[in-house]
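Subject: Structure handover

Hello,

Here is the structure for your files. My notes on it follow below.

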Amino acid sequence: MANIVVMGAGIGGLPAAYDLRAKLGEEHRITVVSAIDHFQFTPSNPWVAVGWRQPEQIVVPLAPRLEKKGIRFIPQAVTRLDPAVGKLSLADGQELSYDYLIIATGPKLAFDEIPGLGPEGHTQSVCTTPHASRAWVAYQEFLKNPGPIVIGAAQGASCFGPAYEFALIVDSDLRKRKIRDQVPMTFVTSEPYIGHMGLGGVGDSKGLLESALRQRHIKWITNAKLLEAKADAVRVAEHDDKGQAVKELELPSRFTMFIPAFKGVDAVAAVKEMCNPRGFVQIDEYQRNPKYPNIYSAGVCVAIPPVEATPIPTGAPKTGYMIESMVTAIVENIKEELAGKPVTHKATWNAICLADMGDDGVAFVALPQIPPRNLTWAKQGKWVHLAKIAFEKYFISKMKSGNTEPVFEKYVLKALGIVRLKEKVSE
Ligand SMILES: Cc1cc2nc3c(=O)[nH]c(=O)nc-3n(C[C@H](O)[C@H](O)[C@H](O)COP(=O)(O)OP(=O)(O)OC[C@H]3O[C@@H](n4cnc5c(N)ncnc54)[C@H](O)[C@@H]3O)c2cc1C
C-alpha cells in the first residue's frame, strides 16, 4: 500500500487527487491537504471583480465530494515539509507522513516586493477569489466617483493574460454602464511589448492586443517597473530595450489592479535544496524533484525558465493545459512506480489560452510554449468569450463530480482544431 499526499486543491491538485483515485487500486491511500476547504476556479476571478460572477458560483466545497470518492481531506495549510523523512507539519499541529507527495500549492503572491502593492496596500488583485471579492467592493465605490484607472502586471510577473483580461473586461463593463467616457485607462506592463505574454508572443498576439487596447482607448506603457502604488496614483519607471530607465511617471489612479510576481509558498520554498531561488519546485522531465524523487510537482509552483530574457524581468506563464498535462504525467508515473516499472510519462509543454475581453476574446495556441514552435496561432472573436463561459461551467462541474477526463486534451484542442479547419476551408 502507498500513502500518497497531494498538497493543494487548485487546478493542479484537485484533478490530480481525482485522477489518482480513479487510476490506482483501493489499497492505496490518497490524502489531499489544502490551506482552504474549497476549490476556486481562478480564471473566473476577473469576472467576480466586476460583479459578473458571485464567488459562490465559482467555488466548490471539497470535504463531502472528496470523502464520497474515498479521498481523505485535511483543510489545513502545510507549515513545514521534511522531505528527508517524508513528513508534513500542518497549521493545527498535526503531522502527516507520505510515501509520495505531489506539491501543487500554486503561487505565493509577492506583493511585498513593491511598496503599496496588493490588497493590504493600495492595489486590487484578482489572483484569488477573496481578493476579487474585495476588488468588487472597491470597484463599486469607484463607480460612484469614476476617474482614471491603471491596470497591469508588475516586474517579474509571469501571468499576463489576466491583466489584459481584466483591463478589457473593465472597459466592457464601463461601456455597458455608459460611463467609459469618464475613465482614462492605462495598461502598465513589464513585458517588452504588448502581447509578449511571457511567451515571446503567440502568433500575432502583439497586433491583436495592441489593436484591442487602441480600439478601446486604453493607453499602454511597456518595459515598465512599478516603483510604488499610492492611494490615488502609481509611480512607474519606463525603460528602454537595454533595461535602462528612461522616464519616471506618476499616473493618477482611482482604481488600480496589478498582477504581482509569483514565488513559491513558504513551506515549500523553505526546502532550499528542492527549489530554485524564488522557491519554485525543481522538476525533472517526469515531474519529479531531482533531489527527492518521491516528490512530484505540478502547476504554478514548478520551476520553469523564462522563455527569453527581457529588459525588465518577466516569467513564463503556467496555464491550464500545461498543468493538466503535468497532472496526467504524474498520475501515470506514480502508477508505473507502484507497478515496479520505470517512469516514462512526460508533460507536453504547450500553452493554450482563452483570454476574455468582456464581450469578445482572443484564443492563443503555442505548441510548444518555447519558440521556435510547430504551431503558433491566435484568433479573436466573440466565440472565445462564449467558449470561456462554456469552459468555466464544464470545469467547475467536473470538479464537483470528480470527472477525470483531460478536458484540454479531449475537448479544447479538438474545438480549436475545428475552428482552424473552418478557416482553412474558407481561405
Ligand atoms: C487571475 C488568474 C486568471 C487565470 N486565468 C487562466 C485562464 O483563463 N486559463 C489558464 O489556462 N490559466 C489561467 N491562469 C493560470 C493558472 O491556470 C491558474 O493560476 C491556476 O489556478 C493554477 O493552478 P495551481 O493548481 O497551480 O494553483 P492554485 O489553483 O492557485 O491552487 C493552489 C492550491 O494550493 C493550496 N495551498 C497553498 N499553500 C498551501 C500550503 N502551505 N499548504 C496546503 N495547501 C496550500 C491553495 O489553497 C490551493 O488550493 C490564471 C491565473 C490567475 C492568477
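How far does a backbone N or O atom of I11 lie from an oxygen atom of the ligand? The distance for I11 is 3.2 Å, which falls under polar contacts (pairs of N or O atoms within 3.5 Å).

Before the rest, two notes on conventions. This is a predicted model, in which local features need pLDDT of at least 70 and side-chain atom pairs count only at pLDDT 80 or more, while totals for chains, interfaces and linings use all residues. Residues are numbered from 1 along each chain as its sequence is written, and side-chain values use heavy atoms, with hydrogens and water left out.

A backbone N or O atom of A9 lies 3.0 Å from an oxygen atom of the ligand. On the nitrogen side, a polar backbone atom of A35 is 3.1 Å from a nitrogen atom of the ligand. The ligand has 980 Å² of accessible area on its own, and the protein covers 88% of it (Shrake-Rupley method, 1.4 Å probe). Around the ligand there are 28 residues (a heavy atom within 4 Å); G12, V78, V300, G320 and K388 come nearest. By class, this shell has 16 nonpolar, 10 polar and 2 charged residues (nonpolar: Ala, Val, Leu, Ile, Met, Phe, Trp, Tyr, Cys and Pro; charged: Asp, Glu, Lys and Arg; polar: the others, Gly among them).

Second largest pocket

The second largest pocket has a volume of about 340 Å³. A pocket here is an open set of points on a 1 Å grid over the protein atoms alone, where a 1.4 Å probe fits, with protein on both sides within 12 Å along at least five of seven lines; lining residues have an atom within 4 Å of a point. The volume is the space filled by probe spheres set on the points, which are joined across faces, edges and corners. Of its 16 lining residues, R278, F280, I304, P306 and G315 are the closest to the centre.

Backbone

Most residues other than glycine have a negative phi, and most peptide bonds are trans. K178, in the loop between helix 6 (161–176) and strand 12 (185–189), has a positive phi, near 60 degrees.

Regards

Definitions and conventions:
A polar contact is a pair of N or O atoms within 3.5 Å; within protein, one must be able to donate a hydrogen and the other to accept it, and residues adjacent in sequence count only if both atoms are side-chain atoms. Helices (H or I, at least four residues) and strands (E, at least two) are DSSP runs, numbered from the N terminus.
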